[in-house]
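Grab a pencil and work through these exercises with the structure on your screen. Try each task yourself before you read its solution.

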Amino acid sequence: MLSIKTKAEEEAARHVRCQRSLQTETAEKRQIEDLVLLDVCPFTLGLEAAGGKMAKLISRNTAVPIEKSQIFSTASDNQPGVTIKVYEGEHPLTKDNNLLGTFDLTGIRSAPRGVPQIEVTFQIDANGILHVMAEDKGTGNKNKITITNTHNRLTPEDIERMVSDAEKFAEDDKKLKECIDAHNELENYAYSLKNQIGDKKKLDGKLSSEDKEAIEKAVEEKIEWLESHQEAELEHFQAKKKELEEVVQPIVSKLYGSAGGPPPEEGDEQGVKDEL
């Protein structure tokens, strides 16, 4: 049997279809309006630490605005100032990344390397402008730089190429970073011990002359080795650190119990500070 609709019924059905279509469009529109588009940092941002290492503060694809701070220290005894070199890029060495700007922080008080605390803050505001500030916590001296979106920044093509290169050489970069970290761990450990055995409030005031001489000799040997083996392999840095630990730990364990390690330097409870 044929179903025959009147003109009024057809109009009513068309009205229902229109209403459903409008409701669907409205729901889709609401979903689109509910989406939040986040601005993100297209590249990792950081600064150059000792040895040309890229010390990363803000990772790639981090939502902005954002602010990150990190404590650094000096790389030599009685260092009067540091140069802050700001980079963007994904490689572990700054020479492979893009330099954005530099500035100096001066007036640091004379102190053994690793003792001064220099707080560096990276801030990206809602307009994508990068503000980098450095403060010597000991003196309160400060300096800063502002880097706009057009200041030495990479083009979208450069970004795509550098990200592709970083992914392509990720394994090589990982091995290089491990080697740099092992070098820095050995160097920081040796100089931390050197500072402590020269301070009567620390190891110098607690060690016998025989034990102090043993540590001094081991530390100087490792520092001299480092100066002539900057390009050594990962395993060599690790082996030299283990050799130093084998001399030091039995001695300090007599002073500090079963922990088997020297007391931490000021600020070391949060980890070893990168040096500038």
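**Exercise 1. In which loop is Asn78 found, and is Asn78 buried, partly exposed or exposed?**

*Step 1.* Asn78 is found in the loop between strand 3 and strand 4 (81-88). Helices (H or I, at least four residues) and strands (E, at least two) are DSSP runs, numbered from the N terminus.

*Step 2.* You're looking at a predicted model, where local features need pLDDT of at least 70, side-chain atom pairs count only at pLDDT 80 or more, and totals for chains, interfaces and linings use all residues. Residues are numbered from 1 along each chain as its sequence is written, and side-chain values use heavy atoms, with hydrogens and water left out.

*Step 3.* Now for exposure: buried means under 20% relative accessible area, exposed over 50%, and partly exposed in between (1.4 Å probe, protein chains only). Asn78 has 46% relative accessibility, so it counts as partly exposed.

*Step 4.* Check the backbone too: Asn78 is not a glycine, yet its phi is positive, about 55°. Most residues other than glycine have a negative phi, and most peptide bonds are trans.

**Exercise 2. Which salt bridges does Asp181 form with Lys53 and Lys177, and where do the partners sit?**

*Step 1.* Start with the rule: a salt bridge is a side-chain nitrogen of Lys or Arg within 4 Å of a carboxyl oxygen of Asp or Glu. By this rule the count comes to 14 salt bridges.

*Step 2.* Asp181 pairs with Lys53, and their closest N and O atoms are 3.2 Å apart. This pair links distant parts of the chain, since Asp181 is in helix 3 (residues 170-196) and Lys53 in strand 2 (residues 53-58), 128 residues apart. Lys53 has a relative accessible area of 11%, so it is buried.

*Step 3.* Asp181 also meets Lys177 in a salt bridge, 2.8 Å from N to O. Asp181 and Lys177 are four residues apart in helix 3, so about one helical turn separates them. Lys177 is partly exposed, because its relative accessible area is 42%.

**Exercise 3. How far apart are the closest N and O atoms of Glu243 and Lys240, and where do these residues lie?**

*Step 1.* Glu243 and Lys240 form a salt bridge whose closest N and O atoms are 3.7 Å apart.

*Step 2.* Both residues lie in helix 5 (residues 234-256), three residues apart, which is about one turn of the helix.

*Step 3.* Glu243 is partly exposed at 33%, and Lys240 counts as partly exposed at 22% relative accessibility.

*Step 4.* Elsewhere, salt bridges that share partners join Lys53, Lys177, Asp181 and Asp274 into one network.

**Exercise 4. How many helices and strands does the protein chain have, and what share of its residues is buried?**

*Step 1.* Count five helices and nine strands. Read along the sequence, their pattern is α-β-β-β-β-β-β-β-β-α-α-α-α-β.

*Step 2.* Of the 276 residues in the protein chain, 36% are buried.
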